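Visitor: I have a chain open on my screen and would like to talk through its fold with you. Can we go step by step?
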Amino acid sequence: MERLIHGRPYQETDKGPVFRPCAPNSVLARLGDKWTILVMSHLAVAPGHRLRFSELKSGIEGITQRMLTVTLRLLERDGLVSRHYFPEVPPRVEYELTEMGASMLPALEGFTSWIRDNWPRIAACRRQYDGKQDNAG
């Protein structure tokens, strides 16, 4: 019998609940990637949700040019970001959230808010767990 938990379907079997992946691992990994979250957040606060590559790079601490390029290409491939090329001298390229990308912002806000609210507790749990592992060895 199929049931739902937090909107996720699962099958109830004699051996217990069975969950199937709701999306390919590549999609889940991308949407949870720290660079994806930062790129999408930066575009979300930009006027018109649109920025040039250099503006994105300067606004995301620690991101390399290569990692920003890879992240933007993957977001474009997934339909979350669109790339606009202007054949000027020098050429200009801008990136913006698509309608689907913008529709992800409320979920992203909930996810990042939860992390922000719970990060001190997570850090404390990690220290406690690591301390137990050090003492057990």
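Visitor: In what order do the three strands β1, β2 and β3 form their sheet, and is the pairing parallel or antiparallel?
Guide: Please keep in mind that this is a predicted model. The sheet is an open one, its three strands follow the order β1-β2-β3, and their pairing is antiparallel.

Visitor: Which strands stand at the edges there?
Guide: Those are β1, residues 2-5, and β3, residues 16-19; each has a single partner strand, so one side of each is left without a neighbour in the sheet. From one strand to the next, the twist averages 45 degrees.

Visitor: How many bridges join β2 to β3?
Guide: There are four bridges between β2, which covers residues 8-13, and β3, and the two strands run antiparallel.

Visitor: Which residues in β3 do Tyr-10 and Thr-13 face?
Guide: Tyr-10 has Phe-19 of β3 as its bridge partner, while Thr-13 stands opposite Gly-16 in β3.

Visitor: Stepping back, how many helices and strands does the chain have?
Guide: The chain has six helices and six strands, and, read from the N terminus on, these elements run β-β-β-α-α-β-α-α-β-β-α-α.

Visitor: What about the other open sheet of three strands, what order does it have?
Guide: That sheet has the order β4-β6-β5, again with antiparallel pairing. Its edge strands are β4, residues 50-52, and β5, residues 81-86, each of which pairs on one side only. On average, and with direction ignored, neighbouring strands of this sheet are turned by 25 degrees against each other.

Visitor: And over how many bridges do β4 and β6 pair?
Guide: They pair over three bridges, in the antiparallel sense; as one example, the bridge partner of Arg-52 in β6 is Glu-94.

Visitor: Which strands does α2 lie across?
Guide: Helix α2 lies across β4, β5 and β6, and it runs at about 95 degrees to β6.

Visitor: Now the nonpolar core: which residues of the largest one touch the most other members?
Guide: Of the 21 residues in that core, Val-39, Met-40, Leu-43, Leu-56, Leu-72 and Val-81 touch the most other members. Two or more residues come from each of α2 (34-45), α4 (65-77), β6 (92-97) and α6 (105-136), and the largest share, five residues, comes from α2.

Visitor: Say I click on Leu-43, what is it in contact with beyond its neighbours within four places in sequence?
Guide: With those neighbours left aside, Leu-43 is in contact with His-49, Arg-50, Leu-51, Leu-56, Val-81, Tyr-95, Glu-96 and Leu-97.

Visitor: Last topic, the overall shape: what radius of gyration does the chain have, and what would a compact globule have?
Guide: The chain has 20 Å, whereas a compact globule of 137 residues would have a radius of gyration near 14 Å. Along its principal axes, the C-alpha trace spans about 65 × 45 × 25 Å.

Visitor: What percentage of the residues count as buried, and what does the accessible surface come to?
Guide: Of the 137 residues, 26% count as buried. The accessible surface comes to about 9,900 Å², and 56% of that belongs to carbon and sulfur atoms. As for contacts with a separation of 6 or more, residues 24 or more positions apart account for 41% of them.

Technical notes:
Residues are numbered from 1 along each chain as its sequence is written. This is a predicted model: local features need pLDDT of at least 70, side-chain atom pairs count only at pLDDT 80 or more; totals for chains, interfaces and linings use all residues. Side-chain values use heavy atoms; hydrogens and water are left out. Two strands pair if DSSP finds at least two bridges between them. Axes are lines fitted to C-alpha atoms, for helices over the stretch in contact, and angles run from 0 to 180 degrees between N-to-C directions. The radius of gyration is taken over C-alpha atoms; the globule rule is 2.2 Å times the number of residues to the power 0.38. Buried means under 20% relative accessible area, exposed over 50%, partly exposed in between (1.4 Å probe, protein chains only). Contact means heavy atoms within 4.5 Å. Accessible areas come from the Shrake-Rupley method with a 1.4 Å probe; for residues, only the protein chains shown count as cover. A nonpolar core is a set of buried Ala, Val, Leu, Ile, Met, Phe, Trp, Tyr and Cys residues joined through side-chain atoms within 4.5 Å.
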